[in-house]
Amino acid sequence: MATSSPSRQTSQLDELIARVANGRDREAFAELFRSYAPRLKSYMMRQGTDSGTAEELVQETLLAVWRKAALYSGEKGSPTTWIFTIARNLRIDRLRREVPWQALPEGHDETPSDDTAPDEALSLDERQTRVRSAMADLPPEQLEIVRLAFVDGLSQSEIADRLRIPLGTVKSRMRLAYHKMRGTVEDLNDR
Amino acid sequence: MSIVHHPDPSNLMCYAAGSLPEPLAAVVACHVSVCPECRRDVAMLEIAGADLVTSLAGVEMLGDASRPVANIGGSADTYAVKQTMAVKKKTGGADVPAPLIRLVGPRLDGITWKYLAPGVRHHPLPLSKGAQGDLRLLKIAAGMQMPEHGHGGAEMTMLLAGAYSDAFGRFTTGDVSDLDTDSEHQPIADPEEGCICLFATLAPSRYKSPLAKLMQRFTGI
């Protein structure tokens with residue numbers, strides 16, 4: 001797997017997805033698979049599935065990437081974020097819900113067009129960099145709670161139970177983390 | 001639509017994580033479908049989530065599923081594209097939020113209502129088996145005042161038509177009232193138009209069914 005800078009890695013992954021979308025390129029797909037499958041399996045297992053179910057969900061996720069690659073536009077989000085939302089939705093479908101209330105990021109599941117304004121695409125890249133650095137600056141007790149929600153799939157009351165802290169504390173730490181991220185991208189939002 | 005009241009950031013975060021309990025996730029999904037600001041926030045939170053997942057140490061794929069190209073079919077891809085675009089086209093002119101259309105159709109005036117209490121009609125919505133809480137549409141008559149009440153758990157309401165007011169302000173189409181366990185309020189439906197809202201609760205139903213608890217709210221008993 002590439003150990004290069006995130007943006008370089010992103011453009012490589014973008015290119016692989018483009019090859020899957022335009023050329024139905026199986027070699028590109030195999031590369032995407034090798035890049036994502038082990039970490040997605042890890043994610044599914046953290047979310048509470050056994051190893052076999054985790055592998056099935058990883059297969060479903062990457063199969064969806066194969067089928068929907070033509071809908072993906074790098075200007076609307078990084079490939080990793082897109083693949084995360086697909087994995088998250090499939091996990092919800094399988095483990096908890098019959099009614100899928102989660103949507104894919106705007107645009108990806110609807111129109112294959114790339115109607116994003118160029119400066120918006122620029123600010124998206126910048127947005128990712130800033131969200132990353134905001135996350136890196138979070139106090140450990142906030143990061144822990146964000147991680148328990150995203151990686152372990154715990155609800156607020158499950159987090160409160162796990163850490164033996166009041167529900168109100170869970171909510172306020174989430175709000176603090178949100179405002180930290182939001183603060184770093186605020187000026188990009190009006191463009 | 002000018003939206004003033006949004007879901008609490010902690011609930012947007014859990015929505016992006018996929019860990020928000022189902023009835024609340026339904027309300028957030030409907031709000032996000034009409035609120036560009038929250039859509040952008042959810043996208044921001046998804047970046048954070050994807051980063052956390054990507055930084056996990058991988059676990060080796062062992063079974064048959066570890067072969068990447070074995071299961072790819074030839075024609076499923078174009079089918080998926082066509083289908084989602086058709087859905088998009090059909091929902092033009094809808095006043096029901098997109099995530100609910102599948103359940104109740106595109107038009108609020110096409111929904112069938114059942115009597116719940118004087119001045120209050122409802123349309124229950126299905127949740128997954130074992131899901132915690134309750135989700136339903138409420139149609140509240142003009143000027144109808146609910147008894148003041150606190151909550152046994154989280155409660156989230158999204159206005160789909162009309163308006164209501166309580167101590168937190170005036171809520172119109174697209175607004176979400178996001179109340180946690182400790183809040184109390186006494187909503188009054190708009191004296192001219194009343195309101196239609198999507199109403200989700202996580203109140204534990206140990207003593208009463210969700211419906212009985214809800215009727216208690218309206219009848220004050």
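Residues are numbered from 1 along each chain as written, and chains are lettered from A in the order written. Local features of this predicted model need pLDDT of at least 70, and side-chain atom pairs count only at pLDDT 80 or more.

Student: Where does helix 2 of chain A bend?
Tutor: The bend is the angle between axes fitted to the seven residues ending at a residue and the seven starting there. That angle is about 40°, with the proline P38(A) following within four residues, and the bend lies at Y36(A).

Student: Which residue caps the N-terminal end of helix 2 of chain A?
Tutor: A side-chain oxygen lies 2.9 Å from the backbone nitrogen of E27(A). The capping residue is D25(A).

Student: What is the relative orientation of helix 8 of chain A and helix 1 of chain B?
Tutor: Their axes, fitted to C-alpha atoms over the stretch in contact, lie 8 Å apart at an angle of about 80°. Angles of 65 to 115 degrees count as roughly perpendicular. The two helices are therefore roughly perpendicular.

Student: At what angle do helix 6 and helix 8 of chain A pack?
Tutor: The axes of helix 6 (residues 140-150) and helix 8 are 9 Å apart. These helices, too, are roughly perpendicular. Their packing angle is about 100°.

Definitions and conventions: Side-chain values use heavy atoms; hydrogens and water are left out. A polar contact is a pair of N or O atoms within 3.5 Å; within protein, one must be able to donate a hydrogen and the other to accept it, and residues adjacent in sequence count only if both atoms are side-chain atoms. Axes are lines fitted to C-alpha atoms, for helices over the stretch in contact, and angles run from 0 to 180 degrees between N-to-C directions. Angles under 35 degrees count as roughly parallel, over 145 as roughly antiparallel, 65 to 115 as roughly perpendicular and the rest as oblique.
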